[in-house]
Amino acid sequence: MYDEVLVLDGACGTELLRLGYDIDDDPLWSSRLLMTDPQAIKNLHTSYLKAGADVILTTTYQASIPGLVQHADLTDTAAAEAIAIAVQLAVTARDQFWEEYENCGFKNVRRQKPLVAGSVGPFGACQHDGSEFHGRYVDEMTIEELMQWHQPRIDKLIQNGVDLLAFETIPAKKEAIALIRLLETFHGVKAWLSFVCKDSLYINHGELFSDVVEQFQNHNQIVAIGINCTNPRNINNLIQSCNRLSGWPKPFIVYPNSGELWSIDRWDPTSTRVELSDYVQGWIKKGIRWIGGCCRTTPLDILKIRNKVDEICDEKGFKN
């Protein structure tokens with residue numbers, strides 16, 4: 001069993017919406033604020049760090065160089081600088097938080113300096129057409145085309161000092177292959193690989209989750225594989241579907257949605273949230289070691305996860 005449990009941050013775009021920022025239906029989503037209100041992004045990072053996050057993600061999920069050029073009227077150079085700003089905001093928030101935290105008199109002695117992960121969302125997310133929810137665009141693109149599209153953002157994230165990359169909300173195996181091949185061109189850079197799943201067995205494009213996990217489980221640049229932007233009620237079965245894999249060498253990572261359901265173009269007001277912290281103990285028993293939240297989760301959700309992780313670590317002797 002792995003003896004380290006890490007807490008990730010929670011939602012970015014939906015949390016900024018909840019706080020009153022007008023980014024709904026914006027093709028740049030939360031990355032719009034990189035140009036209009038960067039302090040809001042830094043404040044959001046800080047709120048998750050104070051809630052107990054060991055890992056925060058840059059606000060680049062829906063930020064691509066072509067998208068920033070098209071929707072923010074930036075030059076290629078200015079668009080690349082926006083990616084750099086996203087990293088700088090996260091790193092500065094992390095460093096300032098950690099300096100204050102180390103000097104406080106009530107810190108968690110097990111907690112390590114948080115990591116900054118460079119968020120790399122799928123091609124579909126940056127098209128602003130919902131295609132990340134099915135991933136069918138990969139049927140019309142080659143692996144080389146996907147690599148070429150992803151490379152500029154990844155270049156800037158690495159150049160500006162992220163600790164690792166977060167390949168997240170990936171709907172299709174083909175796009176994962178492209179990202180892994182691209183990762184291999186950056187010696188020593190680590191990443192996690194997280195898929196978006198439509199039910200308790202399949203990722204959004206239709207491949208079995210266990211099959212894609214099996215394909216990438218032994219890659220030495222991947223630190224964790226798992227699931228995000230998915231109904232938390234499906235996590236247990238998805239992870240259990242990987243039981244057939246022998247010699248599992250990596251921890252799982254999960255950061256699901258709040259449990260509310262997305263319906264066509266909005267969150268279904270009749271659906272209900274779940275308490276993610278209620279799942280933490282069971283998830284850890286299943287080998288999940290990176291745990292956080294995605295859409296509609298808040299700093300309060302991350303605080304509850306942090307408290308539950310600390311409780312379990314105290315009881316079981318895990319690190320965090």
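User: Which residues do ring pairs link into a cluster?

Analyst: This is a predicted model, and what follows is computed from it. A search of the whole structure finds 8 aromatic pairs. Ring pairs also join three residues into a cluster, namely F97, W98 and Y101.

User: Is F97 buried or exposed, and which residues is F97 in contact with beyond its neighbours within four places in sequence?

Analyst: F97 is found in helix α5. Its relative accessible area is 8%, and since buried means under 20%, F97 counts as buried. Once the neighbours within four places in sequence are set aside, the contacts of F97 are L49, K50, R111 and P114.

User: How many Å separate the C-alpha atoms of F97 and G259?

Analyst: Along the chain, F97 and G259 are 162 residues apart. In the model, the separation of their C-alpha atoms is 30 Å.

User: Are the axes of α5 and α6 parallel, perpendicular or oblique to each other, and what is the handedness of the crossing of α5 and α6?

Analyst: The axes of helix α5 (residues 76-102) and helix α6 (residues 143-159) come within 9 Å and cross at roughly 45°. That angle makes α5 oblique to α6. As for its handedness, the crossing of α5 and α6 is right-handed.

User: What kind of aromatic pair do F195 and F209 form?

Analyst: A pair of aromatic rings is described by the distance of the centres and the angle of the planes. F195 lies in strand β5 (residues 191-195) and F209 in helix α8 (residues 209-216), so their pair ties together parts that are 14 residues apart in sequence. Both F195 and F209 are buried. With 6.5 Å centre to centre and 80° between the planes, the pair of F195 and F209 is edge-to-face.

User: Where does T298 lie, and which residues does T298 touch, not counting those up to four places away in sequence?

Analyst: T298 lies in the loop between β10 (288-291) and α11 (299-316). Its relative accessibility is 14%, so T298 counts as buried. Not counting residues up to four places away in sequence, T298 touches E15, R18 and Y48.

Conventions. Residues are numbered from 1 along each chain as its sequence is written. This is a predicted model: local features need pLDDT of at least 70, side-chain atom pairs count only at pLDDT 80 or more; totals for chains, interfaces and linings use all residues. Side-chain values use heavy atoms; hydrogens and water are left out. Helices (H or I, at least four residues) and strands (E, at least two) are DSSP runs, numbered from the N terminus. Buried means under 20% relative accessible area, exposed over 50%, partly exposed in between (1.4 Å probe, protein chains only). Contact means heavy atoms within 4.5 Å. Axes are lines fitted to C-alpha atoms, for helices over the stretch in contact, and angles run from 0 to 180 degrees between N-to-C directions. Angles under 35 degrees count as roughly parallel, over 145 as roughly antiparallel, 65 to 115 as roughly perpendicular and the rest as oblique. A crossing is left-handed if the near helix is turned anticlockwise from the far one by less than a right angle, and right-handed if clockwise. Rings of Phe, Tyr and Trp (its six-membered ring) pair if their centres lie within 6.5 Å; planes under 30 degrees apart count as stacked, over 60 as edge-to-face and the rest as tilted.
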